[in-house]
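Please look over the sequence and the model below before reading on. The report that follows takes up a few of its parts in turn.

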Amino acid sequence: MPLLVNGARVDLARPTGDMIRAHPHLEEKAKLLRSQPAQTVEPKGLLYVQQREFAVTTPKDGSVSILGSDDATTCHIVVLRHTGSGATCLTHCDGSDTEAEVSLIMSSVKSFSSSTGCGRLEVHLVGGFNDDRQLSQKLTNQLLRAFDLQPEDVHLVTFCVTELNDREEQDIHFPIIYGIAVNVKTAEIFPATFPVKGPDEDLRSAHTLTGAPPWLPLQPPVFFQLTNIYDAKTEQLRIGPYFWGPFPHVDFWLEQDDAQILQNLSTSPLAEPPHFVSHIRSTLTFLKEHPFPSRSLFPDRKPRIYKKNEEGLWEQVCSDKI
């Protein structure tokens, strides 16, 4: 069944601008979302999702109340929710394998909604801007087409992407919203920033970087499937096991100045948030320190498992306690 807006199928043969003009309420909703100041989301009750990860849970979750992600420039953040069960998925897509990723998150949400007799699937798309290489527009089109190919009806509710998430300053384009959060209890979606992006921020970033998109000149890309990091039934965050070999030219990249890293390791150098370079350096340093994660990080080939403690913060648990 198709991707729907107000019950009508989206005509993907036409430019997205035509869809926006045909459904002005989408533009109004995007305008309202853009007008909201970004809220700072603290770690308590938060499940932070990095690029090429996803997480799904329900309002019954006693540990996680907020799903969120940020640092999206050309990337898009996708929220898929079933209105009957309340099952909610958030993912951070970069265009690596969009069709497979959409099928994966659809299956994940449906797995929590199969016994629900009422409700519908609603999707919210946020991110991207009018970048010079048109990577944002390409990803927007990929996501629309991927949802349109699904066997179930999917209702497009929020469309704050690319041209609807763009601002211009001195002839340079930037995203307006870099990150969002969704409250899984209330279904509220809002612009957000996250001072803490763990646990295992560098490890998770290293996993992403070792499967770098083809437009980054790091190494031949080794694409991996979108990673589900959360088990809502046990309320456990599961990281890994991840495996890679020595990262090519890691010393070379660590020797480069900030401008070179920004220019070569970003899809949109002029639009990155201020901490982008320090984040990349930290990830490269982690890769240098752990050339063989099978030895140093995952010798037993088991995931690193976390649960929320009484303070609502992630705490690593031993495998034998699971």
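## Strands, a helix and a loop

In this predicted model, strand 9 (residues 121-127) runs parallel to strand 10, and seven bridges pair the two. Strand 10 (residues 154-161) is mostly covered, with eight of its eight residues buried. Strand 1 (residues 3-5) is also parallel to strand 10 and is joined to it by two bridges, and here Leu 4 stands opposite His 155. The table sets out these two pairings.

| Strand paired with strand 10 | Sense | Bridges |
|---|---|---|
| Strand 9 (residues 121-127) | parallel | seven bridges |
| Strand 1 (residues 3-5) | parallel | two bridges |

Together with helix 4 (residues 135-148), strands 9 and 10 make a β-α-β unit, which is right-handed.

Pro 291 belongs to the loop between helix 8 and helix 9 (293-296). Is Pro 291 buried, partly exposed or exposed? Its relative accessibility is 28%, so Pro 291 counts as partly exposed. Leaving aside neighbours within four places in sequence, Pro 291 is in contact with Trp 244, Gly 245 and Pro 246. The C-alpha atom of Pro 291 is separated by 6.7 Å from that of Phe 247, although these residues are 44 residues apart along the chain.

Note on methods:
Residues are numbered from 1 along each chain as its sequence is written. This is a predicted model: local features need pLDDT of at least 70, side-chain atom pairs count only at pLDDT 80 or more; totals for chains, interfaces and linings use all residues. Side-chain values use heavy atoms; hydrogens and water are left out. Helices (H or I, at least four residues) and strands (E, at least two) are DSSP runs, numbered from the N terminus. Buried means under 20% relative accessible area, exposed over 50%, partly exposed in between (1.4 Å probe, protein chains only). Contact means heavy atoms within 4.5 Å. Two strands pair if DSSP finds at least two bridges between them. A crossover is right-handed if, with the strands pointing away from the viewer, the path from the first strand over the helix to the second runs clockwise.
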